Amino acid sequence: MSTETMTIREMCDAYDVTPRTLRFYESKELLYPIREGQKRLYTKKDRGRLTLILRGKRFGFSLEEIRQLLDLYDPQSLNMAQVAKTLDVAKHHLADMTQRRDELNVAIAELEAHIELGEKHLVNPKPIKI
């Protein structure tokens, strides 16, 4: 494996993704591998972008949000616009995730209570009030 570039197989092994995933990200203009005939070679920049893509997906960012954030990359400005926009998107996703977690906690507590009632009914059968 070259330190400068990686083949599609090396990328798949290193990042635990499929070739189809890499080609999909390329088709969405998120990755720009060097093309040598049929061969794709991924640079250090592609590897950094893939790391950010996978992290963004894990946090629930859409591919369009990820693309927009990646497009803001500008080392000349110390990536200030990219960081600010990333924080804005991240805060929005965190609020959504927190709300979903709270709703899940309520549903879990309710389901646990119903399971407990059902188990008690199996031990001591009597009419159940719903």
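Predicted model: local features only at pLDDT ≥ 70, side-chain atom pairs only at ≥ 80, totals over all residues.
Partly exposed, as I use the term here, means a relative accessible area between the buried limit of under 20% and the exposed limit of over 50%.

**Entry: whole structure.** I searched everything and got seven salt bridges. I followed up a few of them.

**Entry: helix α4.** I looked up Asp71 and found its side chain meeting that of Arg67 in a salt bridge, 2.6 Å from N to O. Both sit in helix α4 (residues 63–71), four residues apart, so about one turn of the helix lies between them. Asp71 has 44% relative accessibility, so I put it down as partly exposed. Arg67 comes out at 23%, also as partly exposed.

**Entry: helix α1.** Next I checked Arg9, which forms a salt bridge with Asp13; their closest N and O atoms are 3.4 Å apart. The pair is separated by about one helical turn, because the two are four residues apart in helix α1 (residues 8–15). Is Asp13 buried or exposed? I get 57% relative accessibility for Asp13, so it counts as exposed. Arg9, at 45%, is partly exposed.

**Entry: helix α5.** Then I turned to Glu116 and Lys120, whose side chains meet in a salt bridge at 3.2 Å, N to O. I placed both in helix α5 (residues 80–123), four residues apart and so separated by about one helical turn. Glu116 is partly exposed, with a relative accessible area of 42%.

**Entry: shared partners.** Which residues do salt bridges with shared partners join into one network? I noted Glu26, Arg35 and Arg40.

Notes
Residues numbered from 1 in each chain as written. Heavy atoms only, no water. Salt bridge = Lys/Arg side-chain N within 4 Å of Asp/Glu carboxyl O. Buried < 20%, exposed > 50% of the residue type's maximum accessible area, 1.4 Å probe, protein only.
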